[in-house]
Amino acid sequence: MRALLVVNPAATTTSARTRDVLAHALASDLKLEVAATEYRGHARDLARQAAEGGEIELVVALGGDGTVNEVVNGLLHNGPDPEGLPKLAVVPGGSTNVFARALGLPNDPVEATGALLDALREGSSRTVGLGRVSGTPGTADEGVPARWFTFCAGLGFDAGVVGRVEQQREIGKRSTHALYIRQMVRQFLAEPSRRGGSITLERPGEDPVTDLAIAIVCNTAPWTYLGNRPVYASPRASFDTALDVLGLSRLSTAAVTRIAAQLLRSTPERGPHGKHATSLHDLTDFTLHSQAPLPFQVDGDHLGLRISATFSGVRRALRVIV
């Protein structure tokens, strides 16, 4: 099988030596080309070239969730075609690796490479559904390019936390769970929508859900990890269904404390709940509108401020080796 290995040399949890060892192991079973990313968006460009070139059968992403997201957006630049496009494989190299772990892969890159080689030898793969978000027609954001995402998107508080973490990383801080927690506290203290939100969720044939302070869109479960602990915002979310949404209508100290405790205790059977929490399952098409610009993120990548975003849940969008 002819394959392209897309390597992020800035991946948080791998060294140059480790990446060389992993590439050598993959090359023992694959006709492998290796390309290291050199700029933001490079992984997307490399994957798009592989998809349009017609010769590459497999693209392997070695990096964190951001690298995986770029590769997926490159592969699906011209739309989903799970049988015609190159397959995707992932070797986790980031700090959290939500997509890889949600697929059931080990979080250690060496063990994940072994699991990938076993899956290739056995011909084991599956199709996964993905989320797609674009600008909403008739709004200031209508010209925003569409973006695919693998595990989550968010409008409001959680995206603000992601933005703060990215600012810290740009000045040299390591991406750690402690860094996320510190920035979460700072975002909460600066949050303007503690007692009522400005977000409205609209979907065809249903009454709108109004006054949300935060909207978390999940394509799979868990939503994220704290170390080895999975955190479930929408436990029923799955790669086999469309999109789930957790909306919170209040961010007071009491409400946030309660929701945080529920998230830490969350399980595959039970996530956040209560009068300030709205959970929606298996949504194919919906739009989030905000009365004021709010932070927006997909797959842990902060995309600036948005007042509106239109979402689609696309089943069977991509074939993954697993």
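Two strands are said to pair if DSSP finds at least two bridges between them. The model described here is predicted, and in it strand β10 (residues 214–218) and β13 run antiparallel, joined by 5 bridges.

- Because 6 of the 6 residues of β13 (residues 243–248) are buried, the strand is largely enclosed by the rest of the structure.
- In a regular strand the side chains alternate between the two faces of the sheet.
- In β13 both faces are covered, with Leu-243, Val-245 and Gly-247 buried on one side and Asp-244, Leu-246 and Leu-248 buried on the other.

**Helix α5**
- Asp-108 caps the N-terminal end of α5 (residues 109–122) through a side-chain oxygen that lies 3.0 Å from the backbone nitrogen of Val-110.
- The buried residues of α5 include Ala-112, Leu-116 and Leu-120, and since the buried residues fall within an arc of 160° seen down the axis, they line one face of the helix.
- The face turned away from that buried side carries the exposed residues Glu-111, Arg-121 and Glu-122.

**Nonpolar cores**
- The largest nonpolar core has 53 residues, of which Val-71, Leu-88 and Phe-99 touch the most other members.
- A second, separate core of 21 residues includes Phe-149 and Val-217.

How values were computed
Residues numbered from 1 in each chain as written. Predicted model: local features only at pLDDT ≥ 70, side-chain atom pairs only at ≥ 80, totals over all residues. Heavy atoms only, no water. Core = buried A, V, L, I, M, F, W, Y, C linked by side-chain atoms within 4.5 Å. Buried < 20%, exposed > 50% of the residue type's maximum accessible area, 1.4 Å probe, protein only. Helix = DSSP H or I, 4+ residues; strand = E, 2+ residues; numbered from the N terminus. Arc of directions from axis to C-beta. Polar contact = N/O pair within 3.5 Å; in protein donor to acceptor, adjacent residues only side chain to side chain.
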